[in-house]
Structure formats: structure tokens, C-alpha cells
Amino acid sequence: MMNMQTRTPPSSLPDNSYGFSDRIQQQLDHAGRLCALQGGRMTAQRRDVLGLVLSATTPVGAYDLLEQLKTSGRKPAPPTIYRALDFLLEHGLIHRIERLSAFVPCTHLLHDHAHDHSHDHTDACLHSAQFLICRNCGGVTEIADAPRVLDVLKNICSKKNFTMQSASVEVEGLCEDCTHSTTGQKGHTPPPN
């Protein structure tokens with residue numbers, strides 16, 4: 001006698017060949033819902049690329065992502081990875097750090113609250129991104145709690161009759177840990193050059 005159980009077809013289950021943690025899987029599911037709300041579709045390729053960006057401990061370049069995708073037995077071409085990255089950028093799920101030519105997840109995606117990443121229809125995913133980039137260790141921190149920066153940029157653009165489509169501010173310096181290791185003491189910053 002055969003046991004007839006109803007199963008979900010394998011094609012509808014997300015592939016986890018990269019061993020993404022449960023937390024990253026939840027973030028990927030959240031990203032898929034955000035894309036659907038914006039009229040986009042989170043394909044398996046896009047999901048894998050986003051998962052790899054979420055898993056990275058430092059900003060990750062397109063060719064690094066391409067190499068990681070190749071290790072899973074696939075042989076994607078560079079245009080494939082760039083199309084996936086463009087989609088993820090367009091939907092506000094990742095940011096490009098221009099100075100490093102690398103990508104980081106948007107901090108909105110790292111939180112469990114769906115209301116942290118909402119869009120109105122005129123500003124399709126236009127939130128400013130401000131990054132602190134450490135010249136010593138290469139660490140990048142996104143400052144997501146500075147809405148006034150976006151307000152200032154919108155005001156300037158309005159005065160110039162310029163339609164802003166994206167906004168990114170990159171500030172270079174030393175992170176707290178590198179500052180402390182350079183000075184040898186907490187709370188003391190080195191004098192400017």
C-alpha cells in the first residue's frame with residue numbers, strides 16, 4: 001500500500017544550496033514580498049545573489065558574487081549577475097558603494113519590520129543611503145536614520161528643477177575600532193592632518 005501524501009512541487013520551494021541561515025531565508029522571503037508589492041518578481045537567480053550579499057561580512061563585488069555562483073555548479077555569465085544586481089538595486093534591496101565598486105544589503109531589509117521599507121508610488125524606492133567607509137579595515141556602515149539628508153537633497157533638486165532618482169552619500173574616515181587601535185585609547189580621536 002502506497003502512502004499518498006500531498007507534496008509541494010520542488011520548483012516552488014526556494015533552493016538553499018548555499019546553506020543560508022534561517023534569518024537570511026526570512027530576509028529573502030521578506031524581499032520577495034517587497035518585490036511583489038512593487039510589481040517585481042524575485043527569481044531564483046536574484047534570490048541567490050541577494051542571499052550571497054546578505055551573507056557577506058563586507059561589501060562584495062560583482063565578480064566575487066559571480067565566482068560564488070559558479071561554485072554551486074552553475075556557469076552564469078557576467079551580464080546575468082549584473083542584471084540581478086540591477087534588479088536588486090532598483091527595488092532598494094541592496095546598495096552600491098561606488099568608491100568600492102561593491103554591494104551591501106539595504107539596512108531596511110536587515111530588520112524584521114515590513115514598515116521599515118515602504119515606498120510611495122512617486123518615489124519608487126527612493127530613500128537616501130549614507131555610508132561610513134573605514135579607510136583602514138574597509139568596513140561599511142549604512143546610516144539609515146538620517147531622513148534630513150534626503151530632505152536636503154530633495155530641496156536642492158527642487159530648486160534646480162532636477163528629478164532625483166537615487167541618492168547616495170559616502171563618507172570616508174576611520175571606524176570606531178580602527179580609531180581606538182590607532183590612538184590606543186577609547187574616546188580620543190587623532191588630530192586632523
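These legends accompany several close-up views of a predicted model. Residues are numbered from 1 along each chain as its sequence is written, and side-chain values use heavy atoms, without hydrogens or water. Local features need pLDDT of at least 70 and side-chain atom pairs count only at pLDDT 80 or more, while totals for chains, interfaces and linings use all residues.

View 1. A nonpolar core is a set of buried Ala, Val, Leu, Ile, Met, Phe, Trp, Tyr and Cys residues joined through side-chain atoms within 4.5 Å. Buried means under 20% relative accessible area, exposed over 50%, and partly exposed in between (1.4 Å probe, protein chains only). The largest core has 26 residues, and Val49, Leu50, Leu65, Ile81, Leu85, Leu88 and Leu93 touch the most other members. Two or more residues each come from helix H1 (22-37), helix H2 (44-55), helix H3 (62-70) and helix H4 (78-90). Helices (H or I, at least four residues) and strands (E, at least two) are DSSP runs, numbered from the N terminus.

View 2. Beyond its neighbours within four places in sequence, Val49 is in contact with Leu65, Leu69, Ile81, Ala84, Leu85 and Leu88; contact means heavy atoms within 4.5 Å. A second, separate core of five residues includes Ile97, Ala129, Phe131 and Ile133.

**View 3. Two aromatic pairs.** Rings of Phe, Tyr and Trp (its six-membered ring) pair if their centres lie within 6.5 Å; planes under 30 degrees apart count as stacked, over 60 as edge-to-face and the rest as tilted. By this rule there are two aromatic pairs. Tyr18 and Phe20 are stacked because their ring centres are 5.6 Å apart and their planes meet at 25°; both residues are buried. Tyr63 and Tyr82 pair edge-to-face, at 6.3 Å centre to centre and 75° between the planes. Since Tyr63 lies in helix H3 and Tyr82 in helix H4, this pair ties together parts that are 19 residues apart in sequence. Tyr63 is partly exposed at 49% relative accessibility, and Tyr82 is partly exposed at 32%.

**View 4. Arg46 over the ring of Phe87.** Here the charged end of Arg46 sits over the Phe87 ring, 3.7 Å from its centre. The rule asks for NZ of Lys or CZ of Arg within 6 Å of the ring centre and within 35 degrees of the ring normal.

**View 5. Cysteines without a disulfide.** The whole structure has zero disulfides, a disulfide being a pair of cysteine sulfur atoms within 2.5 Å. The closest cysteine sulfur to that of Cys134 is in Cys178, 3.6 Å away and therefore too far for a bond. Cys137 is in no disulfide either, with the sulfur of Cys134 nearest at 3.7 Å. Cys134 is buried at 3% relative accessible area, whereas Cys137 is partly exposed at 47% relative accessibility.
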